[in-house]
Amino acid sequence: MTRPAVPGTVNWSNVLTVASAAVLIATQAIATAVAAGWALAGLLNLGDMGEYGLMALFSLVGIYASFAYLRVASRAEPLRH
């Protein structure tokens with residue numbers, strides 16, 4: 001017999017689901033951002049500093065996308081009962 005959920009308690013199943021998906025999305029978003037910066041810098045012949053600059057800029061966009069995903073996922077899967 002399962003106990004009824006106490007209001008305000010952590011729903012660990014949803015926390016694990018959201019955390020796992022967030023790690024996967026963050027890894028893909030940041031890796032794609034770094035690859036895009038590297039490819040675009042190579043295409044435009046920007047040199048090493050331009051390459052690092054674009055990779056850093058695009059990585060910030062990837063990090064922002066990861067946090068935006070985390071916010072939406074935590075609303076879709078409530079972390080508390």
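The chain exposes about 6,000 Å², and carbon and sulfur atoms supply 72% of that area; accessible areas come from the Shrake-Rupley method with a 1.4 Å probe, and for residues only the protein chains shown count as cover. Before I go on: this is a predicted model, where local features need pLDDT of at least 70 and side-chain atom pairs count only at pLDDT 80 or more, while totals for chains, interfaces and linings use all residues. Residues are numbered from 1 along each chain as its sequence is written, and side-chain values use heavy atoms, with hydrogens and water left out.

Now the overall form. The chain has two helices and zero strands; these are DSSP runs, H or I of at least four residues for helices and E of at least two for strands, numbered from the N terminus. The radius of gyration is 19 Å, well over the 12 Å that the globule rule gives for 81 residues, so the chain is more spread out than a compact globule. That radius is taken over C-alpha atoms, and the rule is 2.2 Å times the number of residues to the power 0.38. The C-alpha trace spans about 65 × 15 × 15 Å along its principal axes.

Of the 81 residues, 19% count as buried, where buried means under 20% relative accessible area, exposed over 50%, and partly exposed in between (1.4 Å probe, protein chains only).

Next, helix H1. Its 32 residues should span 46 Å at 1.5 Å a residue, and the end C-alpha atoms are 46 Å apart, which agrees; the expected span is 1.5 Å times one less than the number of residues. Buried residues in H1 are Asn-14, Val-18, Ala-22, Ala-29, Ala-33, Gly-37 and Ala-41. Their cover includes H2. After H1 comes Asn-45, with a positive phi near 50 degrees.

On to helix H2, where Ser-66 lies. Is Ser-66 buried or exposed? Ser-66 has a relative accessible area of 10%, so it is buried. Leaving aside residues up to four places away in sequence, Ser-66 touches Ile-25, Ala-26 and Ala-29, a contact being heavy atoms within 4.5 Å.

Phe-67 is also found in H2, but counts as exposed, at 52% relative accessibility.

Last, the surface. Ile-30, Val-34, Leu-60, Ile-63, Phe-67 and Leu-70 make a nonpolar patch of about 490 Å². Helix H1 (12–43) and helix H2 (47–76) each give two or more residues to the patch, and the largest share, four residues, comes from H2.

How values were computed:
Patches are made of residues with over 30% relative accessible area and no salt bridge: like charges are joined within 9 Å, nonpolar side chains (Val, Leu, Ile, Met, Phe, Trp, Tyr) within 5 Å. A salt bridge is a side-chain nitrogen of Lys or Arg within 4 Å of a carboxyl oxygen of Asp or Glu.
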